[in-house]
Amino acid sequence: MKTRFTPTLKGCFAALLLASAGSASAATTLNALFMTQAAYSENDIRAMTQEFEKAHPDVQVNLEFVPYEALHDKIVAARGAGGNGYDVVLFDAIWPAEFTRFDLLQDVSSRITPEEKSQIFPGAMNTVVFKGKTLGMPWILDTKYLYYNKAMLEKAGITTLPETWQQVMDDARTIKQKNIVKYPLVWSWSQAEALVCDYTTLVSGFGGKFYQNGKLDFSSPASLQAVKLMKSSLDEGLSNPASREYLEEDVRKSFSNGDAAFALNWTYMYNMANDPKQSKVAGQVGIMPAPGDAPGKVGAVNGSMGLGIAKGSSHPEQAWDYISYMTSQPVQNKYATLSLPIWKSSYQDPAVLKNQESLIAAADKSLNVMLSRPETADYSRLSNTLQQQLQQVLLGSVTPESAMQTVDKSAARLH
């Protein structure tokens with residue numbers, strides 16, 4: 001006698017088999033955190049990721065983009081999420097000390113071969129290393145450059161490029177006196193990390209360092225010289241007063257709109273300011289290393305960033321595959337217009353050099369002298385104090401000497 005339940009039981013069994021097979025072949029999902037600001041654009045990162053997913057059909061990557069100013073806190077806040085948090089995160093060169101203290105990223109030292117390390121710029125590799133631990137792969141190799149409007153300089157009768165910051169100020173005065181533009185200089189001096197990067201660029205150019213005899217020192221001659229130049233450029237009307245509220249994108253838009261003769265910004269601005277679709281000064285954009293206090297001297301800040309595996313990631317192998325792809329030389333060469341590759345030999349690639357020979361020439365000088373911001377686990381607190389005091393100087397509320405003494409006292413209390 002046939003039972004009516006047999007087909008139903010078979011159907012259930014078949015459904016279980018299908019479900020089991022489906023779960024076995026289901027894609028691994030990675031959660032990745034990036035920024036929307038300088039360097040690679042969101043569109044570029046999405047395109048890179050889609051190309052990775054095509055090559056790895058068993059992996060799906062969920063992308064999240066936040067402003068740079070929110071990136072640090074997002075990473076720290078996610079540490080309690082375990083496997084439900086991020087798998088891959090973009091981190092700044094200034095965070096490895098803190099992230100090591102709180103064990104936020106996985107040590108990937110064994111995943112990178114000595115041969116690979118030798119092919120990468122030391123300045124880029126140093127971005128992801130702290131006390132012998134390698135916390136990721138360098139991805140963004142960046143510093144700030146001095147951009148200039150060729151047409152404005154020509155109109156002002158300036159035939160040679162400035163070789164020192166004093167000459168930049170002299171040229172700015174000439175441009176202002178001839179009414180070519182109201183405020184010749186524009187900076188990102190909002191109370192944010194961008195302000196610290198501009199300040200560090202100047203400190204570097206004036207031959208300064210942040211550590212004296214193993215202790216942090218913000219009252220050094222180079223530091224005070226940097227702060228005084230910033231303030232005096234505002235007092236003379238050479239720097240746009242709106243710089244005190246600007247981030248890098250505001251600087252780019254101001255320069256691209258023809259509202260400045262000089263601007264300090266990251267690599268990404270070069271090709272965007274030269275793009276006629278989004279710039280009124282396309283074809284007139286010049287780039288050079290940020291100068292120093294004497295001819296031949298160059299100033300630069302280490303603005304590099306890396307990609308790391310979050311400590312709580314449940315998919316470290318897939319996460320490393322994704323990081324390896326995003327940082328690979330072919331991918332970096334393909335997307336080299338907004339961020340230069342970390343690989344030394346890329347700079348002999350005609351595709352990388354095309355239409356950005358001036359940028360590469362500036363990078364060749366700047367990337368070798370990058371000054372790192374202080375390496376301390378309490379960097380976020382130190383940076384906040386430095387930002388506040390620099391802003392107070394730029395607003396005319398305190399003197400450079402008093403402000404830097406306040407930063408020194410705060411630095412002395414750091415652990």
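This is a predicted model: local features need pLDDT of at least 70, side-chain atom pairs count only at pLDDT 80 or more; totals for chains, interfaces and linings use all residues.
## Overall build

The chain has 415 residues, and 53% of them count as buried. Its secondary structure consists of 18 helices and 14 strands. Along the principal axes, the C-alpha atoms fill a box of roughly 105 × 50 × 40 Å.

Contacts between residues at least 6 apart in sequence give a view of how the chain folds back on itself. Of these contacts, 74% join residues at least 24 apart.

## Nonpolar cores

The largest nonpolar core holds 125 residues. Within this core, the residues that touch the most other members are Phe34, Trp139, Trp165, Tyr199, Phe218 and Met404. Helix 10 provides the largest share of the core, with seven residues. Another core lies apart from the largest one and has seven residues, including Trp266, Tyr268, Met272 and Val301.

Leaving aside neighbours within four places in sequence, Phe34 is in contact with Ile45, Leu63, Glu64, Phe65, Val66, Leu71, Leu90, Trp139, Leu307, Tyr322 and Met326. One of these partners, Trp139, is also in the group of core residues that touch the most other members.

## The largest pocket

The largest pocket contains about 350 Å³ of space. Its lining is made up of 24 residues, and those nearest the centre are Asn126, Asn302, Met370, Leu371 and Ser372.

By class, the lining of this pocket has 13 nonpolar, eight polar and three charged residues. At least two lining residues come from each of helix 4, helix 6 (122-125) and strand 4 (129-130).

## Enclosed cavities

Empty space inside a structure can be found by rolling a probe the size of a water molecule over the atoms. In the whole structure, two cavities of 30 Å³ or more are found. The largest cavity has a volume of about 170 Å³. It is lined by 17 residues, of which Met35, Tyr68, Glu248, Trp266 and Met305 are the closest to its centre. Helix 3 (68-77) and helix 9 (193-205) are the elements that give two or more residues to this lining, and helix 9 gives the most, with three. The lining of the largest cavity divides into nine nonpolar, two polar and six charged residues.

## Two residues with positive phi

Most residues other than glycine have a negative phi. Asp103 has a positive phi, near 55°, and is not a glycine. Asp103 is placed in the loop between helix 4 (96-101) and helix 5 (114-118). Asp103 counts as partly exposed because its relative accessibility is 38%.

Asn179 is another residue other than glycine with a positive phi, of about 55°. Asn179 sits in the loop between helix 8 (165-177) and strand 8 (185-186). With a relative accessible area of 68%, Asn179 is exposed.

## Two buried loop residues

Asn240 is found in the loop between helix 10 (221-235) and helix 11 (248-256). Its relative accessible area is 12%, so Asn240 is buried. The side chain of Asn240 reaches the backbone nitrogen of Ala242 at 2.9 Å. Residues up to four places away in sequence aside, Asn240 touches Tyr183, Leu185, Leu234 and Tyr246.

Ser188 lies in the loop between strand 8 and helix 9. Ser188 is buried because its relative accessible area is 0%. Not counting residues up to four places away in sequence, Ser188 touches Lys144, Ala194, Leu195, Asp198, Ser243, Tyr246, Leu247, Glu248 and Val251.

Definitions and conventions
Residues are numbered from 1 along each chain as its sequence is written. Side-chain values use heavy atoms; hydrogens and water are left out. Helices (H or I, at least four residues) and strands (E, at least two) are DSSP runs, numbered from the N terminus. Buried means under 20% relative accessible area, exposed over 50%, partly exposed in between (1.4 Å probe, protein chains only). A polar contact is a pair of N or O atoms within 3.5 Å; within protein, one must be able to donate a hydrogen and the other to accept it, and residues adjacent in sequence count only if both atoms are side-chain atoms. Contact means heavy atoms within 4.5 Å. A nonpolar core is a set of buried Ala, Val, Leu, Ile, Met, Phe, Trp, Tyr and Cys residues joined through side-chain atoms within 4.5 Å. On a 1 Å grid over the protein atoms alone, a cavity is a set of points where a 1.4 Å probe fits but cannot get out, and a pocket is an open set with protein on both sides within 12 Å along at least five of seven lines; lining residues have an atom within 4 Å of a point. Grid points are joined across faces, edges and corners, and a volume is the space filled by probe spheres set on the points. Ala, Val, Leu, Ile, Met, Phe, Trp, Tyr, Cys and Pro count as nonpolar, Asp, Glu, Lys and Arg as charged, and the others, Gly among them, as polar.
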